[in-house]
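Please look over the sequence and the model shown below before reading on. The report is meant for a reader who meets this structure for the first time.

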Amino acid sequence: MEHLQQRRTPMNIDGKAWRTIWLEQDGRSVGVIDQTQLPHRFTTCTLSSCEQAAEAISTMVVRGAPLIGVTGAYGLMLALQADPGDASLAAAFAQLNATRPTAINLRWALERVRARVAPLPPEQRAQAAQDEAAVIANEDVAMCEAIGDHGLGLFQQLAAARPAERQGQPFNVLTHCNAGWLATVDWGTALAPIYKAHRAGLNMHVWVDETRPRNQGASLTAFELGREGVPHTVIVDNAGGHLMQHGQVDAVIVGTDRTTSRGDVCNKIGTYLKALAAHDNGVPFYVALPASTIDWTVADGVAEIPIEARSAAEVTHIQGRLSDGNGAGGSAPGAAIVSVQLTPDGSPGFNPAFDVTPARLVTALITERGVCAASEAGLKGLYGTI
Ligand code: MRU
């Protein structure tokens, strides 16, 4: 089965190595891990239509910039299986592209599949879309693994450069949201260097921002790191600045949903505040990304990137596993996953899902082609003329 890998990758669940998305054995439908149930339940879903793929992206059954791109690509395949005509292709493209507006990977993957299938006779389109989606997925794995290798080198240098009295201590990295294998097809972006460093024997410890409102850090990043055996501690989003002031963060590393031609990065809401705190405390702030996350048509991220506003219910309510009520923080493994209201009846909420960190606050970008300055010159140096 395509999703069961032969080599050992970070996506190890109960001894099996997984990808986040795969073609099912029927050769037509698509399997995904249901991320709305993690960390409490590991379940999968089958997507059999374009509508189901769009719904899975909107409701964040699948999420993370690279993964929603691959899901969109397979969504076009599903649409073309049902109707391979031009009108169907256009409607499916529009439907999938509208699901989440900020991550550029979605539009990038949809455009790539459309460019591959549009010149073909209708009867060849569904298979061609499937082939292209598989190529995009495999490329994503390779890019993320390469990001891991480049980030590993950087972490090793930073760890070695610490003062003698800090050498025996863990190398402390802070991350925000989830930019691990669950956000990609495999490996992750920001977490790939962490996995590589941990496996290489670097004494790593990760501060995991909970990442309100949806808590991708507390639920998904902590789940990933725990499964891989990486020492980590979940913190509230407001703790990072305090930890940096007290020398407890050696580096910050995050992912990005859209990187502009001049190196501004748009990532999960709250990333900008971490970058400000890092800058104020002289802590290096790294952003890890594959080429599919770069939007060469946009320079000024604050002015030009559309920021998704999600439901206020994600702010006013919170989801978790029912605790046993004894105050000790325990809960039975099979206990119900419930949503509880945090706010008074009638208090409105506002939920911008992303923010932009200007390039001047980014120490460097870690890409599949190497490490570069967060600037037009830096990106041009790796990717050629813009
Ligand atoms: O809203 P999400 O969970 O899709 O947001 C994900 C992030 O912000 C990640 O940091 C980003 O996609 C970079 S991922 C590899």
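## Model and domains

The structure is a predicted model. Its domain assignment gives domain 1, covering residues 12-138, and domain 2, covering residues 165-383. The centres of the two domains, taken over C-alpha atoms, are separated by 24 Å. In the contact between them, 35 residues come from domain 1 and 37 residues from domain 2.

## The largest pocket

The largest pocket holds about 540 Å³ of space, and 24 residues line it, with P213, R214, N215, S219 and Q319 lying nearest its centre. Because domain 1 and domain 2 both give residues to this lining, the largest pocket lies between them.

At least two lining residues are supplied by each of helix α7 (216-228), helix α11 (313-316), strand β14 (317-321) and strand β15 (337-341). Sorted by class, the lining of the largest pocket consists of nine nonpolar, 10 polar and five charged residues.

## The second largest pocket

For the second largest pocket the volume is about 290 Å³, and its lining includes H176, R212, D237, N238, K274 and D355. Helix α9, residues 271-281, provides the largest share of this lining, with three residues. The lining of the second largest pocket divides by class into three nonpolar, four polar and four charged residues.

## Cavities

Three cavities of 30 Å³ or more are present in the structure, and the largest cavity contains about 170 Å³ of space. Its lining is made up of 20 residues, of which R63, G64, A65, N178 and D257 lie nearest the centre. Since both domain 1 and domain 2 give residues to the lining of the largest cavity, this cavity lies between them.

Helix α2 (65-82) and strand β11 (265-268) each supply at least two residues of that lining. By class, the residues lining the largest cavity are seven nonpolar, nine polar and four charged.

In soluble globular proteins, nonpolar side chains tend to be buried together. Here the largest nonpolar core has 79 residues, and within it F155, I194 and I253 touch the most other members. Helix α5, residues 122-160, gives the most to this core, with 13 residues, and the core draws at least three residues from each of domain 1 and domain 2. Apart from it lies another core, of 27 residues, with A275, V287, V362 and Y383 among them.

Which residues does I253 touch, if those up to four places away in sequence are not counted? Among them are F155, V173, L174, A190, I194, Y286 and I366.

## Backbone features

The bond from L38 to P39 is cis, with omega near 5°, and P39 is found in the loop between strand β4 (30-33) and strand β5 (44-47). The bond from R212 to P213 is cis as well, with omega near 10°, and P213 has its place in the loop between strand β7 (204-209) and helix α7. P213 also belongs to the residues nearest the centre of the largest pocket, while R212 is one of the residues lining the second largest pocket.

M60 has a positive phi of about 65° although it is not a glycine, and M60 is found in the loop between helix α1 (50-58) and helix α2. W187, another residue other than glycine, has a positive phi near 70°, and W187 is placed in the loop between strand β6 (171-175) and helix α6 (191-199). Are these residues buried or exposed? M60 is buried, with a relative accessible area of 3%, and W187 is buried with a relative accessible area of 3%.

Notes. Residues numbered from 1 in each chain as written. Predicted model: local features only at pLDDT ≥ 70, side-chain atom pairs only at ≥ 80, totals over all residues. Heavy atoms only, no water. 1 Å grid on protein atoms, 1.4 Å probe; cavity = no way out; pocket = protein on both sides within 12 Å on 5 of 7 lines; lining within 4 Å. Points joined across faces, edges and corners; volume = space filled by probe spheres on them. Helix = DSSP H or I, 4+ residues; strand = E, 2+ residues; numbered from the N terminus. Nonpolar A, V, L, I, M, F, W, Y, C, P; charged D, E, K, R; others polar. Domains from an automatic or database assignment. Core = buried A, V, L, I, M, F, W, Y, C linked by side-chain atoms within 4.5 Å. Buried < 20%, exposed > 50% of the residue type's maximum accessible area, 1.4 Å probe, protein only. Contact = heavy atoms within 4.5 Å.
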